[in-house]
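Biologist: I'm new to this one, so please take it slowly. Could you give me a close look at how its aromatic rings are arranged?

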Amino acid sequence: MKEYMYWVQMDIPTELESEFNRIYDTQHIPNILNVEGVSSCVRYKLVSSDVEGTAQYAAVYIISDPDIPFSTEWTRESDKGDWSMDIRPSTVNRSHIVFEKLP
């Protein structure tokens with residue numbers, strides 16, 4: 001069975017950083033892990049980059065199908081809690097990338 005990585009990067013204004021991290025860790029990730037085919041999520045904060053403008057935060061989701069992040073189920077879970085109203089509208093410099101794991 002194939003495995004995929006869904007890589008999401010974004011920035012958040014400094015004044016919302018604490019709330020962003022709290023909501024991401026306590027609401028958003030647990031909700032997304034309810035989506036069938038999502039096996040894990042690990043978050044990272046940028047330390048260094050050779051690319052100007054690289055987003056500060058990254059989340060790496062391991063998924064079983066490349067269409068999962070674009071599914072109705074993903075959207076439903078993503079829209080739960082405070083994420084969609086309090087955080088998502090303030091995120092900028094977002095990127096969403098799907099990679100296929102090589103054999």
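Modeller: Here's a walk through the ring pairs, and then the core around them.

Before that, some ground rules: this is a predicted model, where local features need pLDDT of at least 70 and side-chain atom pairs count only at pLDDT 80 or more, while totals for chains, interfaces and linings use all residues. Residues are numbered from 1 along each chain as its sequence is written, and side-chain values use heavy atoms, with hydrogens and water left out.

A ring pair is described by the distance of the centres and the angle of the planes. Rings of Phe, Tyr and Trp (its six-membered ring) pair if their centres lie within 6.5 Å; planes under 30 degrees apart are stacked, over 60 edge-to-face, and the rest tilted. Searching the whole structure turns up eight aromatic pairs. One of them joins Tyr6 and Tyr61, a tilted pair with 5.9 Å from centre to centre and 35 degrees between the planes. Tyr6 is in strand β1 (residues 4-11) and Tyr61 in strand β3 (residues 57-63), so this pair ties together parts 55 residues apart in sequence. Strands (E, at least two residues) and helices (H or I, at least four) are DSSP runs, numbered from the N terminus.

Buried means under 20% relative accessible area, exposed over 50%, and partly exposed in between (1.4 Å probe, protein chains only).

Phe20 and Tyr24 make another pair, with centres 5.6 Å apart and planes at 65 degrees, so this one is edge-to-face. They sit four residues apart in helix α1 (residues 17-32), which separates them by about one helical turn. Phe20 and Tyr24 are buried too. Tyr24 also has the charged end of Arg43 over its ring, 4.4 Å from the centre; that label needs NZ of Lys or CZ of Arg within 6 Å of the ring centre and within 35 degrees of the ring normal.

Back to Tyr6 and Tyr61: with Phe70 and Trp74 they form one aromatic cluster. Tyr61 touches residues including Tyr24, His28, Val38 and Trp74, leaving aside those up to four places away in sequence; contact means heavy atoms within 4.5 Å.

Now the core: the largest nonpolar one has 21 residues, and Phe20, Tyr24, Tyr61 and Trp74 are among those with the most contacts inside it. Such a core is a set of buried Ala, Val, Leu, Ile, Met, Phe, Trp, Tyr and Cys residues joined through side-chain atoms within 4.5 Å.
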